[in-house]
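Thanks for asking me to look this one over.

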Amino acid sequence: MPVTMTAVAIHNLARGVANGTHYSSPAEPGAWVGVDGVGRLDDGTRVYVNAPGTVAERLYAPAAALVPVPDALPDVQAAAAVNAAMSSWMAMTVRAHVEPGQTVLILGATGASGRMAVPLARHFGARVIAAGRNAEILAAVGADATVDLTDSEDAVRNALRAEKIDVVIDYVWGRVAELTFDSLAGRGRATYVEVGAMAGSSAAVPAALLRSTDVRILGSGIGSFTRDEVMTARPAMLDAVVELGIEVDVVTRPAADIAAAWTEDLGSSRLVLTL
């Protein structure tokens, strides 16, 4: 179906696919820029589009790749929110199956996606512990408890050990993951879901953890769930973003400025190109 694009987020996935560094990048070099965005059908219907090459004034996408956008969600916010929210939504619903009353630890809760994971976890009835490296953002995310990852390793380990954690949603991996593994050992059933690797691409898993604890260590990303599962989840996720009043910190740039904006340091804000 023809779609006239209006807003396209340039996030880590879009950059990685275009650069050829993401695990879902095409085998052959050269990729259309953009993996999702918001636009309008010829009848005026606003839709979220999940298809290659969304940085375009107009593209053709299969009907299965389109999801109506709630009226209360502006184009720029919808474009910025979906990738960020879907990462934790799929981790909590398809991979970990978060239940009311559980305690969920968000590692990397001060990043764009991690911040959205906090209200979404509470949406599912969980008690939330937010861990991150920005004290100001940690204080504002609305978690039940926080862990400052700039503290010493012993302090971080002790803070995590003081909690009975049921589910971990991890955007950082690396050494932070190893400290978290220490906190899970011998503490009962837990599910650990790796979503991102901002602190390192590898982490050592202690053999004793796997023998002593009923722990599942999973990944959540393209390939760990089906396209149908993603498409089925998107309407409810978009409704939750509206219901919870989630607003992404966004920096907008005209699509014509993509070359300069591509490597612009925006901190924890999301870049959205407007067309």
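What follows is a set of numbered notes, beginning with the aromatic rings and ending with a few loop residues.

1. First, a reminder that this is a predicted model. Everything below is computed from that model.

2. Let's start with the rings. A pair of aromatic rings is described by the distance of the centres and the angle of the planes. The count here comes to four aromatic pairs. One of them is Trp173 with Phe181, an edge-to-face pair with 5.9 Å from centre to centre and 80 degrees between the planes. As for burial, Phe181 has a relative accessible area of 1%, so it is buried. Trp173 also counts as buried, because its 12% relative accessibility falls under the 20% cut-off.

3. Trp173 has another partner, Tyr192. Their ring centres are 5.9 Å apart and the planes meet at 70 degrees, so this pair is edge-to-face. Which parts of the chain does the pair tie together? Trp173 is in the loop between strand S9 (167-170) and helix H6 (174-184), while Tyr192 is in strand S10 (residues 190-194), so the link joins parts that are 19 residues apart in sequence. Both Trp173 and Tyr192 are buried.

4. While you have Trp173 on screen, check its backbone. Phi of Trp173 is near 60 degrees, which is a positive value in a residue other than glycine. Remember that Trp173 sits in the loop between S9 and H6.

5. The charged end of Arg15 sits over the ring of Trp262, 5.9 Å from the ring centre.

6. Now for a pocket. Rolling a probe the size of a water molecule over the atoms shows where empty space is left. The second largest pocket has a volume of about 290 Å³. Which helix gives the most to its lining? That is H3, with four residues. Helix H3 (112-123) and helix H4 (135-140) each supply at least two lining residues.

7. Staying with that second largest pocket, its lining has eight nonpolar, one polar and three charged residues. If you want to click through some of them, the lining includes Ala112, Arg115, Met116 and Pro119, as well as Ile137, Ala140, Glu247, Asp249 and Ser268.

8. Next, have a look at the loop between helix H2 (75-95) and strand S6 (103-107), where Gln102 is found. Is Gln102 buried or exposed? It is buried, because its relative accessible area of 18% is under the 20% limit. A polar atom of the Gln102 side chain lies 2.9 Å from the backbone nitrogen of Glu99.

9. His97 also has its place in the loop between H2 and S6. Phi of His97 is near 55 degrees, again a positive value in a residue other than glycine. His97 counts as partly exposed, with 46% relative accessibility.

10. Last, a glycine. Gly142 is found in the loop between H4 and strand S8 (145-148). At 37% relative accessibility, Gly142 counts as partly exposed. How far apart are Gly142 and Val38 in space? The C-alpha to C-alpha distance is 29 Å, and the two residues are 104 residues apart in sequence.

Key
Residues are numbered from 1 along each chain as its sequence is written. Side-chain values use heavy atoms; hydrogens and water are left out. Rings of Phe, Tyr and Trp (its six-membered ring) pair if their centres lie within 6.5 Å; planes under 30 degrees apart count as stacked, over 60 as edge-to-face and the rest as tilted. Buried means under 20% relative accessible area, exposed over 50%, partly exposed in between (1.4 Å probe, protein chains only). A charge sits over a ring if NZ of Lys or CZ of Arg is within 6 Å of the ring centre and within 35 degrees of the ring normal. On a 1 Å grid over the protein atoms alone, a cavity is a set of points where a 1.4 Å probe fits but cannot get out, and a pocket is an open set with protein on both sides within 12 Å along at least five of seven lines; lining residues have an atom within 4 Å of a point. Grid points are joined across faces, edges and corners, and a volume is the space filled by probe spheres set on the points. Ala, Val, Leu, Ile, Met, Phe, Trp, Tyr, Cys and Pro count as nonpolar, Asp, Glu, Lys and Arg as charged, and the others, Gly among them, as polar. A polar contact is a pair of N or O atoms within 3.5 Å; within protein, one must be able to donate a hydrogen and the other to accept it, and residues adjacent in sequence count only if both atoms are side-chain atoms.
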